[in-house]
Amino acid sequence: MASSTTTKVGRDLTEGPIFSTLLVFALPIILANVIQQLYGMVDLAVVGQFVGSVGTVGVNTGGEMADLMLPIGMGLGTAAQIYIAQLMGAKDHSRTKETVSTLLTFSTLLSIVLAIGIIIFTVPILNLLNCPEEAMGQASAYMIITTIGYPFIFGYNAVCGLLRGMGESKKPLFFIIVAACINIVADVLFVAVFRMEAAGTALATVLSQIGAFAASFYYLYQCRDKFDLKFDRSFLKMEPATLKVLIKLSVPQIARSLMVRFGLLYINANINAYGTEVSATNGVGNKLQKFLEVFMQGVDTASASMIGQNLGAKKTKRAGKVTWCTLAMTMSIAAVISVIGVLFGRQLFGIFSNDELVLAMGVVYMEFMVIYFFSSAFVGAFQAMVTGCGFVSLGFAIGLLDGVVCKIGLSILFLPLFNQASGIFAFFCSQIPDIVTQQVMQTDIGAIHNYGYLAYFLGIACSRIVPGLLCFGYFLSGKWKTRELVTKKK
């Protein structure tokens, strides 16, 4: 028990130089995000090299529901992060303890219910996603196996949300390193050695999620005095007042993320109709986009915690300065990753596929994503203020714009321009080999012509511009300075 009582958790983010404090706090989060994306990309790379495009499509399509469930777990973790960051800033430690059992109990129950639902409706879901028939077996195996990991990934995100709200960013990095090591070894073993194809990749993913949760929960046990953690029936309880706050904060976060995911599901389903090569390009492109974006997301996550603590401590001027420092960091990162994406797009796609068609279309995909990277850098910096102050209803509006109105709406708007393959889009279309045109013209997509899938690529790229302007407008209004915090007792 001695080690438990002396363990210090977290750090005070309301003092010290703003830029360096933010950078030091953000770096472990960035590294954790990078490692998480890397071992996710290992899945796709191993399958792509040992199974081929059918395996790539199977993992990508079968993983759609896991990608859809993940934001729910992350939304609950973000809710805990917002709540605890403001409590820590206000030095209200008593309510911090009761949040742990409530969050973990609720997250576990919810994840089990969702897993059962996905297993029951696997085939109808894959049909809705227009999963190519040749990849149906791979996709269904991947989807069913990954549901086993839902309780563990929910629990992991819950613990990380708690810790980041308290100003602790180094421990989650260790947890994800454990997961990455397990995933890489298991991927090679199950796919390259045992030839289990997509099922092997899914099993490796589940084992890595179990490892991450086990490491994070062990850390909670080591710090059990800080969280009032007891391994008895009293731990499995949900405090009604705390649960109400977490639900109030998490539902708009989850709804926002789900709307973004549903928008992507709609786009991916339409892209899948163009055939295996176009679908594989989109799957690899999504992985690369997520990987390159995590550098900015790490800064945004750190910024939200730092802003939350400062608002809780009534240091609004410092909170505003944190936002501007965040913008400087994210825009710099966007510039670097854009250069990498444009100059080395073909090589990046080559990591995951040997298909010449996929490589050619991948170059165009990365050129479009330059727009996405800079708009994400802009919206993320100001959205950190929205998150940190607990303005969840605005977060919901951002998700509605990003996920539905802009992603789907802009894609539909751009379709006629790419159908004609003329004007300012001719340059991009001209880089696609004639053989690609022949492939996509053989599909049964009706009125959509050969280059229509590029409209969906550009729709994704431009989807964050309007949400960014909305967040910027809220920041300039200054209303976040007087907003009532979620920690205020009624």
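In this predicted model, the count of salt bridges comes to 4. Side chains of opposite charge can pair when their charged atoms come close.

Glu 293 and Arg 464 are both buried. For Arg 464, the relative accessibility is 13%, and this residue therefore counts as buried, the limit being under 20%.

Asp 402 also forms a salt bridge with Arg 464, and here the closest N and O atoms are 3.1 Å apart. Asp 402 is in helix H17 (residues 392–420) and Arg 464 in the loop between H20 and H21, so this pair joins parts 62 residues apart in sequence. Asp 402 is buried, with a relative accessible area of 4%. Salt bridges link Glu 293, Asp 402, Lys 407 and Arg 464 in a network.

Helix H13 also contains Val 278. This residue counts as buried, at 2% relative accessibility. The C-alpha atoms of Val 278 and Tyr 453 are separated by 7.9 Å, although the two residues are 175 apart along the chain.

Helix packing was examined next. Two packed helices are described by the angle between their axes and the distance between the axes. Helix H9 (residues 170–193) packs with helix H10 (residues 197–222) at an angle of about 155°, and their axes are 8 Å apart. Angles over 145 degrees count as roughly antiparallel, and H9 is therefore roughly antiparallel to H10. The crossing of H9 with H10 is right-handed. In the contact of H9 with H10, 14 residues are nonpolar, 7 are polar and 3 are charged.

Aromatic rings form 17 pairs in the model. In one of them, the rings of Phe 382 and Phe 472 have their centres 4.9 Å apart. Their planes stand at 65°, so the pair is edge-to-face. Phe 382 lies in helix H16 (residues 356–388) and Phe 472 in helix H21, 90 residues apart, and the pair thus links distant parts of the chain. Phe 382 counts as buried at 1% relative accessibility, whereas Phe 472 is partly exposed with a relative accessible area of 24%.

A further pair joins Phe 391 and Tyr 474, whose ring centres are 5.0 Å apart. The planes of these rings are at 55°, so the pair is tilted. Phe 391 is in the loop between H16 and H17, and Tyr 474 is in helix H21, 83 residues apart. Tyr 474 is buried, with a relative accessible area of 9%. One aromatic cluster is formed by Trp 324, Phe 378, Phe 382, Phe 472, Phe 475 and Trp 480.

Note on methods:
Residues are numbered from 1 along each chain as its sequence is written. This is a predicted model: local features need pLDDT of at least 70, side-chain atom pairs count only at pLDDT 80 or more; totals for chains, interfaces and linings use all residues. Side-chain values use heavy atoms; hydrogens and water are left out. A salt bridge is a side-chain nitrogen of Lys or Arg within 4 Å of a carboxyl oxygen of Asp or Glu. Buried means under 20% relative accessible area, exposed over 50%, partly exposed in between (1.4 Å probe, protein chains only). Helices (H or I, at least four residues) and strands (E, at least two) are DSSP runs, numbered from the N terminus. Axes are lines fitted to C-alpha atoms, for helices over the stretch in contact, and angles run from 0 to 180 degrees between N-to-C directions. Angles under 35 degrees count as roughly parallel, over 145 as roughly antiparallel, 65 to 115 as roughly perpendicular and the rest as oblique. A crossing is left-handed if the near helix is turned anticlockwise from the far one by less than a right angle, and right-handed if clockwise. Ala, Val, Leu, Ile, Met, Phe, Trp, Tyr, Cys and Pro count as nonpolar, Asp, Glu, Lys and Arg as charged, and the others, Gly among them, as polar. Rings of Phe, Tyr and Trp (its six-membered ring) pair if their centres lie within 6.5 Å; planes under 30 degrees apart count as stacked, over 60 as edge-to-face and the rest as tilted.
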